[in-house]
Amino acid sequence: MIFGRSQRGNAPVEPVTLKILVAGGFGVGKTTLVGAVSEIRPLRTEELLTEAGRPVDDTTGVKGKHTTTVAMDFGRITVREDLVLYLFGTPGQDRFWFLWDELSTGALGAVVLADTRRLEDCFAAVDYFERRSIPFLVGVNCFDGAARHPVDAVRQALDLDPAVPVVLCDARQKDSVKDVLVHVVQHAAQFTAPAPRQPAAH
Amino acid sequence: MSADGQGTQDTHHWFDDEAGPVVRPYAMTGGRTTSAVHHRLDLIAVVVAHPQGSDPGADQTLSPEHVEIVERCRTDPQSVAEIAAGLDLPIGVVRVLIGDLADDGLVHVTRPVPPAELPDAGILRDVINGLRAL
């Protein structure tokens with residue numbers, strides 16, 4: 001709440017901000033996807049971790065190492081002066097789940113980017129968004145040289161709910177990524193809209 | 001100075017990039033990891049400098065990082081994530097600094113609206129149209 005603040009002069013516009021997450025395994029093209037549509041070069045934010053990495057990081061021989069840095073790449077799309085969409089690439093490693101919790105709070109939706117050559121890399125992300133009821137779709141990044149699989153085969157392999165869209169995409173191509181994001185927002189719009197109440201059949 | 005006479009003023013040969021930043025990041029916050037701002041600042045919370053605020057550069061209690069945040073947000077409100085990336089500081093550090101500035105009344109922070117609480121479906125329609133028009 002802001003009280004007593006004069007609006008004279010040209011006060012800067014305070015935009016409504018929304019975020020879409022881009023998840024998937026390491027090297028699947030998350031940052032490429034963000035970069036294909038972002039109006040800014042993908043930026044990197046970092047968070048220092050002190051405790052979380054301890055059981056996992058092998059610090060033998062580097063006794064002085066107490067912190068681990070985890071990076072998140074993000075981009076921005078200004079829809080209107082007062083409406084800005086941010087895209088966040090989630091950290092690839094599973095052990096940074098607690099950062100996912102923070103990222104996913106208030107997220108409009110998510111893209112799980114999949115590479116059919118190592119589909120198992122995106123299981124964790126699919127599972128995460130399913131459990132937290134965050135609207136998501138699976139984008140199959142069609143890498144050069146990767147065998148093309150029908151969408152239904154991918155859906156079956158990931159055991160997806162029928163409502164979850166699966167789209168083929170090329171994370172390098174702006175038009176392809178735009179299409180993916182439009183699908184996410186459409187899916188999120190259906191997801192957040194209250195379901196029409198069916199009269200109980202008594 | 002090294003014995004072979006190669007040492008110069010600008011050759012910091014006793015540390016390299018592997019050593020990490022020379023100033024530990026949380027030194028900028030006086031070791032604080034939380035701020036008095038009650039809610040945790042979301043990455044896409046927008047920081048706006050008060051247009052009629054006093055010159056932050058003249059305030060001796062503010063660090064250069066504080067001043068830079070106010071300067072960055074004066075013309076274009078920026079998200080917490082953008083500020084952290086722009087200053088090349090960890091998110092946690094930037095949150096504390098922004099909390100200080102909010103306490104001092106130099107900036108205010110808008111909380112992002114959760115998607116379920118968006119005022120109308122028109123906003124999502126606008127997002128879709130905006131994406132198509134890219």
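Reader: Which share of the contacts in chain B between residues at least 6 apart in sequence joins residues at least 24 apart?
Author: The share is 75%. Two residues are in contact if their C-beta atoms, placed from the backbone, lie within 7 Å. This is a predicted model: local features need pLDDT of at least 70, side-chain atom pairs count only at pLDDT 80 or more, and totals for chains, interfaces and linings use all residues. Residues are numbered from 1 along each chain as its sequence is written, while chains are lettered from A and ligands numbered from 1 in the order in which they are written.

Reader: What is the mean pLDDT of chain B?
Author: The mean is 81, and 78% of the residues of chain B reach 70 or more; pLDDT is the predictor's confidence in each residue, from 0 to 100. Over residues 1-8 of chain B the pLDDT is below 50, and this stretch has two contacts in the model beyond near neighbours in sequence. For the complex, the predictor gives an ipTM of 0.79 and a pTM of 0.81.

Reader: How many helices and strands does chain B have?
Author: Chain B has four helices and three strands, in the order β-α-β-α-α-β-α from the N terminus on. Helices (H or I, at least four residues) and strands (E, at least two) are DSSP runs, numbered from the N terminus.

Reader: What makes the three strands of chain B a sheet, and in which order do they lie?
Author: Two strands pair if DSSP finds at least two bridges between them. Strand S1 (residues 46-49) of chain B and S3(B) have four bridges, in the antiparallel sense. Val47(B) has Val109(B) as its bridge partner, and Ala49(B) has Val107(B). The three strands form an open sheet in the order S2-S1-S3, with antiparallel pairing. Strand S2 (78-79) and strand S3 (107-110) of chain B are the edge strands, for each pairs on one side only. Helix H1 (residues 64-75) of chain B packs on this sheet and touches S1, S2 and S3 of chain B; the direction of H1(B) makes about 90 degrees with that of S1(B). Axes are lines fitted to C-alpha atoms, for helices over the stretch in contact, and angles run from 0 to 180 degrees between N-to-C directions.

Reader: How do you know whether Leu118(B) is buried, exposed or partly exposed?
Author: Leu118(B) has 16 C-beta neighbours inside 10 Å, so this residue counts as partly exposed. Leu118(B) lies in the loop between S3 and helix H4 (122-132) of chain B. Leaving aside neighbours within four places in sequence, Leu118(B) is in contact with Val113(B) and Ile123(B).

Reader: How far apart are the end C-alpha atoms of helix H3 (residues 91-103) of chain B, and how far should they be?
Author: The expected span of a helix is 1.5 Å times one less than its number of residues. The 13 residues of H3(B) should therefore span 18 Å; the end C-alpha atoms are 18 Å apart, which agrees.

Reader: Why is H3(B) called mostly covered?
Author: Of the 13 residues of H3(B), 10 are buried, including Val93(B), Arg95(B) and Asp100(B). After H3(B) comes Gly105(B), with a positive phi near 75 degrees.

Conventions. Buried ≥ 20, exposed ≤ 12 C-beta atoms within 10 Å, placed from the backbone.
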